[in-house]
Structures are given as structure tokens and as C-alpha cells.
Amino acid sequence: MKKIIHTSNAPAAIGPYSQACLVNGTLYISGQIPVDPVTGKLVEGIEKETHQVMKNLKAILTEAGMTFDNAVKVSIFLKSMDDFAVVNEIYASYFSNDQFPARETVQVSFLPKNVDVEISMIAFKG
């Protein structure tokens, strides 16, 4: 059984998709970009962008009754691999006890709204 997860503490979807879907204890979170859910505006600068994306992911996890410790798979999309070290450091700060999920990071030529970073996540709570 699929349950749609939605929270006003993360940006609304900008297309025909859900913020997340929960199926049999597995949460599939759509790619999050650095939109502030309060203002609806993009934040700028790779550090602020990465923190905002992680806050958006956290809000969706919280709505589903999960935390970053439940994350099992992450995909990071960067406009430039030159930002990898900064994004990596900020990303790591959101996890406790070195319980990092599996992950890939790829450089792409363009992201929605021309942002510098987008992150999607799969989490599990059994």
C-alpha cells in the first residue's frame, strides 16, 4: 500500500510528482532543490543551497516518522564537481554515528531552476 507523504515544511512539488511515497516501510523522497519552503524562493551559494536541501529532506523524513539514520540510499546531483568537497562536508554533518547510506554523486549539465545541487533519498523503517 502506497502512502503519499507531504509537508508544508518542505517545498511543494514543482511538477506532477509527490514529495515522497511510503511503501512497506520504505520512503522514496523526490529530488530536493534549495527552495526555502517559507518564502518559496531559492537560496544561493553552494553552502546555503546544500543546507537548504538537507533541511528539506529532514522535513520530509520527519513527516514520515523517520530521521537521517533511516536513510539507506542517496543520489546527489551537482552542476559542478568543483563543489563536491563542500557538499560532502555539509551532507556528512547531518548524519550521526557514521551511519551513512549508500550513495552516488554525479555531475549533470543542468538542474531544475538552474540550481547547483539536488539530492534524492530512500529511507527505511522496519
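## A buried loop residue to start with

Isoleucine 33 sits in the loop between S3 and helix H1 (46-63); helices (H or I, at least four residues) and strands (E, at least two) are DSSP runs, numbered from the N terminus. At 8% relative accessibility, isoleucine 33 counts as buried. On this scale buried is under 20% relative accessible area, exposed is over 50%, and partly exposed is in between, with a 1.4 Å probe and protein chains only. Leaving out residues up to four places away in sequence, isoleucine 33 touches Ile14, Leu42, Val53, Asn56, Pro112, Lys113, Val115, Val117 and Glu118, where contact means heavy atoms within 4.5 Å. Between isoleucine 33 and methionine 54 there are 9.1 Å in space, C-alpha to C-alpha, and 21 residues in sequence.

A word on ground rules: this is a predicted model, so local features need pLDDT of at least 70 and side-chain atom pairs count only at pLDDT 80 or more, while totals for chains, interfaces and linings use all residues. Numbering runs from 1 along each chain as its sequence is written, and side-chain values use heavy atoms, with hydrogens and water left out.

## The overall layout

What pattern does the chain follow, read along the sequence? It goes β-β-β-α-β-α-β-β, with two helices and six strands in the chain. The radius of gyration is 14 Å, close to the 14 Å that the globule rule gives for 126 residues, so the chain is as compact as a globular protein of that length. That radius is taken over C-alpha atoms, and the rule is 2.2 Å times the number of residues to the power 0.38. Along its principal axes, the C-alpha trace spans about 40 × 30 × 25 Å.

Of the 126 residues, 41% count as buried. Take the contacts with a separation of 6 or more, and residues 24 or more positions apart account for 69% of them.

## Charges and salt bridges

The chain carries 11 positive and 13 negative side chains, and the centres of the two sets lie 9 Å apart. Lys and Arg count as positive and Asp and Glu as negative, with His and the chain ends not counted; each charge is placed at NZ of Lys, CZ of Arg, CG of Asp or CD of Glu. How many salt bridges does this give, if one is a side-chain nitrogen of Lys or Arg within 4 Å of a carboxyl oxygen of Asp or Glu? The count comes to two.

One of them pairs glutamate 104 with lysine 73, at 2.4 Å from N to O. This pair links distant parts of the chain, with glutamate 104 in strand S5 (residues 102-107) and lysine 73 in strand S4 (residues 71-78), 31 residues apart. Both ends are partly exposed: glutamate 104 at 31% relative accessibility and lysine 73 at 26%. A salt bridge also joins lysine 79 and aspartate 116, at 3.5 Å from N to O. Here lysine 79 lies in the loop between S4 and helix H2 (84-92) and aspartate 116 in the loop between S5 and strand S6 (117-124), so the pair ties together parts that are 37 residues apart in sequence. Lysine 79 is partly exposed too, at 25%.

## The loop between S5 and S6

Two residues of this loop have a backbone worth a look. Most residues other than glycine have a negative phi. Lysine 113, in the loop between S5 and S6, has a positive phi near 60 degrees. Asparagine 114, in that loop as well, also has a positive phi near 60 degrees. Asparagine 114 is partly exposed, with a relative accessible area of 41%.

Threonine 26 belongs to strand S3 (residues 26-32) and is buried at 16%. Beyond residues up to four places away in sequence, threonine 26 touches Cys21, Ile122, Ala123 and Phe124. Serine 120, in strand S6, is buried at 17%. Its contacts, leaving aside neighbours within four places, are Ile29, Ser30, Gly31, Lys73, Val74, Ser75 and Phe77; Lys73 is also the salt-bridge partner of glutamate 104.
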